[in-house]
There are 2 protein chains.
Amino acid sequence: MMVTIDLRSRVPIYEQIKNQILELILLGVLKPHDQLPSIRALALDLKLNVNTVKRAFQDLEAAGVTYTLPGRGSFIAENALENNQLKGKALQEIRDAVLSGRANGIEKDEILALVESIYQDEK
Amino acid sequence: MMVTIDLRSRVPIYEQIKNQILELILLGVLKPHDQLPSIRALALDLKLNVNTVKRAFQDLEAAGVTYTLPGRGSFIAENALENNQLKGKALQEIRDAVLSGRANGIEKDEILALVESIYQDEK
DNA sequence: TTAAGTGTGATATCACAGATATCACACTTA
DNA sequence: TAAGTGTGATATCTGTGATATCACACTTAA
């Protein structure tokens, strides 16, 4: 399936779903007006509760990434990535994590290398 | 005082205390065998419960950053920063945050600049 | 010896978040 | 009409962060 979940991660499940759908849009796998899997189908597939998937979809719609047609389903918005309202929160999380890393004696170069390696895997 | 708390931050209070003490060691303000403020005095000063400060001190001792003399107090360990067992967890948090940032369309250069600016303030 | 100051241990309570479990409802499509 | 969409509401469970009180063992200084 298009999404995989790591139950042992500290990252909440609904955040993992959000991030992976955003990645798929970024990669061009999901394009504007493409239909997302239904929350029930995705929940069944991932062995999760419907409400957990619903939470992810609600966040995405609230952020302007998707839109919903009553009775039909959820779809990728026209300018999904440009609309995305979640960047600020994500940036703040990075800032907090880096500050904590600096306090724990992690070298700047170590972080820079980590960032490089993460972005290298892209596409 | 040597520590300040931001109650509006998503970072737990006891983590803020841990990080700031680690920073003070990193900066050389606190040196090996220096005595830390007592958990009661620090709690009073920061208007926190004793248990919250205790949690921070327990974590620091468990990580090998401090040691305790019964009835006397807590002190900076000989090789506090070298002993520090918390780097792995901090690195994982950075990794998660950067992955989330990438998913949300944050550019690599934006993160690199953020890291640079955070480490620039040092010392 | 006593009083005050250290950290420790245990327990209870509260608030919140993440996740699950069930409902019922309104809408659309075949 | 039946099946499939998302929505809304409620309840429960679990873990975490934080607070509130205890009692205890130890050390230091009066």
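**Figure 1. The surface near DNA strand C, sorted by residue class.** In this predicted model, the surface near DNA strand C is made of nine nonpolar, eleven polar and four charged residues, where Ala, Val, Leu, Ile, Met, Phe, Trp, Tyr, Cys and Pro count as nonpolar, Asp, Glu, Lys and Arg as charged, and the others, Gly among them, as polar. Of the 24 residues around DNA strand C, those that come nearest are A:Pro12, A:Ile13, A:Asn51, A:Gly71 and B:Ser38, a residue being near a molecule or strand if its C-beta atom, placed from the backbone, lies within 6 Å of it. Two or more residues each come from helix 1 (13–26) and helix 3 (50–62) of chain A, and from helix 2 (39–46), helix 3 (50–62) and strand 2 (73–76) of chain B; helices (H or I, at least four residues) and strands (E, at least two) are DSSP runs, numbered from the N terminus. Helix 3 of chain B gives the most to this surface, with five residues. Residues are numbered from 1 along each chain as its sequence is written, while chains are lettered from A and ligands numbered from 1 in the order in which they are written. As this is a predicted model, local features need pLDDT of at least 70 and side-chain atom pairs count only at pLDDT 80 or more, whereas totals for chains, interfaces and linings use all residues.

**Figure 2. The surface near DNA strand D.** DNA strand D is surrounded by 24 residues, and the closest are A:Ser38, B:Pro12, B:Asn51, B:Thr52 and B:Gly71. At least two residues of this surface are supplied by each of helix 2 (39–46), helix 3 and strand 2 (73–76) of chain A, and by each of helix 1 and helix 3 of chain B. Helix 3 of chain A gives the most, with five residues. By class, the surface near DNA strand D has nine nonpolar, eleven polar and four charged residues.

Figure 3. Chain A has six helices and two strands, which follow the pattern α-α-α-β-β-α-α-α along the sequence. The domain assignment, which is automatic or taken from a database, gives domain 1 (13–83) and domain 2 (87–120), and the centres of these domains, taken over C-alpha atoms, are separated by 27 Å. The C-alpha trace of chain A spans about 55 × 30 × 25 Å along its principal axes. Buried residues make up 29% of the 123 residues in chain A; a residue is buried if 20 or more other C-beta atoms lie within 10 Å of its own, exposed if 12 or fewer, and partly exposed in between, with C-beta atoms placed from the backbone.

**Figure 4. The contact between chain B and chain A.** The contact takes 32 residues from chain B and 32 residues from chain A, two residues being in contact if their C-beta atoms, placed from the backbone, lie within 7 Å. On the side of chain B that touches chain A, helix 1 (13–26), helix 5 and helix 6 of chain B each give two or more residues, and the largest share, 14 residues, comes from helix 5 of chain B. By class, this side of chain B has 19 nonpolar, six polar and seven charged residues. A rotation of 180° with 0.0 Å of shift along its axis superposes chain B on chain A (RMSD 0.1 Å), and the two copies are thus related as by a two-fold rotation axis; the superposition is by least squares on the C-alpha atoms of residues with pLDDT of at least 70 in both. Since 100% of the interface residues of chain B are also interface residues in chain A, the copies meet through the same surface.

**Figure 5. Helix 5 of chain B and its packing.** Helix 5 (residues 87–103) of chain B has 17 residues and reaches 24 Å from its first C-alpha to its last, close to the 24 Å expected at 1.5 Å a residue, the expected span being 1.5 Å times one less than the number of residues. Its buried residues, among them B:Ile94, B:Val98 and B:Arg102, pack against helix 1, helix 5 (87–103) and helix 6 (108–120) of chain A together with helix 6 (108–120) of chain B. Helix 5 of chain B is followed by B:Gly105, whose phi is positive, near 85°.

**Figure 6. B:Ile118 in helix 6 of chain B.** B:Ile118 lies in helix 6 of chain B and is partly exposed, with 17 other C-beta atoms within 10 Å. Leaving aside its neighbours within four places in sequence, B:Ile118 is in contact with A:Val98, A:Leu99 and A:Arg102.
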